[in-house]
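User: Hi! Could you walk me through this one?
Analyst: Happy to, here it is.
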Amino acid sequence: MPDRVKFSKQDIGGEILPILTTGLYRNKLDALREYIQNSIDAKCKKIELVIDPDTIMVEDDGAGMNFDEAKIAIKLGISEKNPKEDVGFRGIGIYSAYNLCDCLDIYTRTESDTNCNLIHIDFRSARLELAKDQERKKHNMPTNVYLEKLLENIVYVDVDKENTLTRAGTRAIMSDLLDEVYDELNNWDKVVSYLRDVVPLPFREDFKYASVIQEKFKEADYKIVPVTLQIGNIREEITRPYYNEMFDHGGKHPPEFFEISDERQHYGFAWVCVNDARRVLKDTTLRGLLIKKFGFSISDRNYLAPYFARTVFHRRITGEVIIQNEELMPNAARSDFEPNSTRQAFIRTLPKFIGQLSTWANQIQEKDKAREVLADILIVLRIINKELPSIRRDKERLLARNNLLYSIDLQLKAHAKTLKDIEAKDYEEAAILLKECQDFVKSALIERQKDQKKMEQRVVKSIQREAAPATESEKERTKDIPKNILDLLEIYGIQTSEEMTGFLKLLDENYLRVTFSDEEYSEMMDNLRDYLDEQVEL
Amino acid sequence: MSKLNSSSFQDNPNKKIVREDWNTPFLRYIHDKYNIKYRYMGFPGTDLIDVRLWKDMIEEVIAFELLSPEVDYRIWVKQLRLNLKKLGIQGVAYLGSFEEVVILGKDYDGLPYKQNKVITLYNLDFCNEIGSSIETIDHRKKALRYEAIRVILRDQKRCFQKTGEPSYFIILLTIRNQIDAGKIKKFLSSSNLLAETSSYCSICESINPIPESGPLVGTHAWSLKAFLYDTLIGYFKNPNISTLFFPVVKYYGRSRRSPMFHWMMFCKFGFEESANPNFFPARYLETINSLCVDSSGINIRCEPGETENNSQDLSPVGWFQQFESFFSSNGRLV
């Protein structure tokens, strides 16, 4: 049997503190996350985060800590929190500000406390002690900064004599911020973006589906925490990033909720919104689904993209997958879940979930497409319907409209089933209009066919006339080419009343001459002459 | 335990009397009667003495802190920010005098300053000579210190027009009675002076004339009062702000060389239809309006030209109540 090695206090060096904090909290903003986590675990109703060039304050109205709990909170790597219920459970978070500031003061009290309690950590002294120790090592002197001794020197818990907090809650103040964190912490967009990834924030009040989604959150016992952020003199309530204008038409489709589970366990649920046009979402930062656990984002919105059979759907939707399964725990880097059998089972359910989601999105977008087609068809049909009388005599244009109406007919038939269900009234209007237009074009084309025949007959006659000597009446007709209707009537000796003459003159000058080309007008005169000739013959 | 022990503000018994016996009763009267909380802007010092005193009446603090003479010139502002957070009052602290920050739109660290809400309580100290110009951060812009008052009144009007409320604010203004004789003489002989200022000055000048040159340190208080009154009224007229001037309170600070003047003013935004603001009392300079703080408290001390009348009410609430009906109706400040 191997010899067991006994460890003493002198076997754990003080350097373990920066190693742990630097290793776990690579982003300077991670300290904010840790104190916010504590607030959430304390079941707070709201959090206030105030950042200025010199100090950071995280304040909550949660349960707070009594004196004994405060003493437990300063323990390193020891936590009484339950990993299944609480976000922070590793017992290190309180030291996360090591790389952020010189001094941490946490004022806290519970409802039953008569005094406020103060946890004080002097990170600056710790850094100085460790720097001195490094110097000693360079001179081959043994280390004399052990973790236990270091913590004893820099941390204390006391009753706050000033009784800073007068109600239950916790106020963490990080003062004398290190110079290197200034820019990052004073960048509003960066801090907001970070908070959105780590805090279960509410939705914007003007996001039209905020209440329905938050209602689902309530049912599922998924808590959201309002956070007020102040940086310098800018102060705002921070919200989730969704907004109505991210959809092409302001968001016509309410969100759909999906339960994610298999026959053995439940993993969570998802809320999904699909764009209300058959296009990808304009805002690239919101395309796809984000997986969240306790408010933390796991990886990014591309995590689920490979599970989409048609990847375009991944870009047309937005939403979140809220993980509630206790065994699914984010890894330290929040890039995935801790590897375990539950994670494997969860991954196996994803194709089914994404399949359901894609089917739903496809149906919605099919309906959208049918609606879009119908709207376009109605516009085109109304234009054609208005235009047809004016092109009645234009064979070329009639033929073009005939082709267009044929293609519209095909499109309408393709979506008929869907449209009869969702837009029956408009569909009926389109069908009637289509029929009217088709009938009109058909009859006009028949007329044009007759005209064509008459024209052909006239050409034949004309050729015959040219071949044979002209008769007296023909000679007469050629001589008397009428200039207008009144002229024509005069040639045929037809007398009209004064009013009728005036009317015919008006009709001729203001309508016929204006509407028809010279060629058409002359053709019309010929037709009238043919008619009058027939009448004379009769 | 904090490693920072320095404080940017040294209190003294006379200032304490002004704060507790003159300012506080009036602020509490307005707070209690009209159920309002103040949005405070001022120079509270690292110990936040006035903010602590009025904590229950204040909802937000916009503070200014000067550069510390110590090696770490930011030590005071750091302490101020820390104390503000400990106190749990929403607020922001700028590094630099309020005149510099307000006029330049940024503080010494480059933190942008932009007012976006009506400030309801100003507590402003002009520790330097009021007629001196500002040595700006970027050395590009030169402005007289009291120009900052013009800027804050302009910002106040803009915020009021944007939000529509609140329609009133209070200014507590402390000024060192120290000014160059030549400068003040030139100002008071200007033809642009208001009729009431001219009339007051001619009476005072005949009793207590200003020398041709040299600094006026703690003497000829009437001239500084006339100068400030004339300047302030000019500033209030442009954005149409009606104002009640409280009696000016003179007290000695740490130095016995030059007394301080403390002005309290209650201001109300005018409506567009009444373009001419009202100023109360109408004959402010000539009626009794100077008080003096000594070990016995606040007492009447007339300036040359003022009417002596010991029966006047020395309580700030009583002073306000004489004109209250103009500023309020139906239990609301309008």
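Analyst: One definition before we start: axes are lines fitted to C-alpha atoms, for helices over the stretch in contact, and angles run from 0 to 180 degrees between N-to-C directions. This is a predicted model, where local features need pLDDT of at least 70 and side-chain atom pairs count only at pLDDT 80 or more, while totals for chains, interfaces and linings use all residues. Residues are numbered from 1 along each chain as its sequence is written, and chains are lettered from A and ligands numbered from 1 in the order in which they are written.

User: Great. At what angle do helix α7 and helix α8 of chain B pack?
Analyst: About 175°, with the axes of α7 (residues 195-207) and α8 (residues 221-237) 10 Å apart. That makes α7(B) roughly antiparallel to α8(B) (the term covers angles over 145 degrees).

User: Which residues make the contact?
Analyst: From α7(B) there are B:T197, B:Y200, B:C201 and B:C204, and from α8(B) B:W222, B:A226, B:Y229 and B:D230. Contact here means C-beta atoms, placed from the backbone, within 7 Å. By class, the contact has six nonpolar, one polar and one charged residues. Nonpolar covers Ala, Val, Leu, Ile, Met, Phe, Trp, Tyr, Cys and Pro, charged covers Asp, Glu, Lys and Arg, and the others, Gly among them, are polar.

User: And how many helices and strands are in chain B?
Analyst: Chain B has ten helices and 15 strands. These are DSSP runs numbered from the N terminus: H or I of at least four residues for helices, E of at least two for strands.

User: How much of chain B is buried?
Analyst: Buried residues are 42% of its 334 residues, buried meaning 20 or more other C-beta atoms within 10 Å of a residue's own, all placed from the backbone.

User: Switching to chain A, how do α10 and α11 pack?
Analyst: Helix α10(A) (residues 341-387) and helix α11(A) (residues 395-414) pack at about 155°, with axes 11 Å apart. That makes α10(A) roughly antiparallel to α11(A). Residues in the contact include A:V373 and A:I377 of α10(A), and A:R401 and A:I408 of α11(A). By class, that contact has seven nonpolar, one polar and one charged residues.

User: Last one: how many residues does each chain give to the contact between A and B?
Analyst: Chain A gives 13 residues and chain B gives 13 residues. On the chain A side, β2 (55-60) and β6 (169-177) are the elements giving two or more residues, and β6(A) gives the most, with four residues. By class, that side of chain A has four nonpolar, five polar and four charged residues.

Technical notes. Contact = placed C-beta atoms within 7 Å. Parallel < 35°, antiparallel > 145°, perpendicular 65-115°, else oblique. Buried ≥ 20, exposed ≤ 12 C-beta atoms within 10 Å, placed from the backbone.
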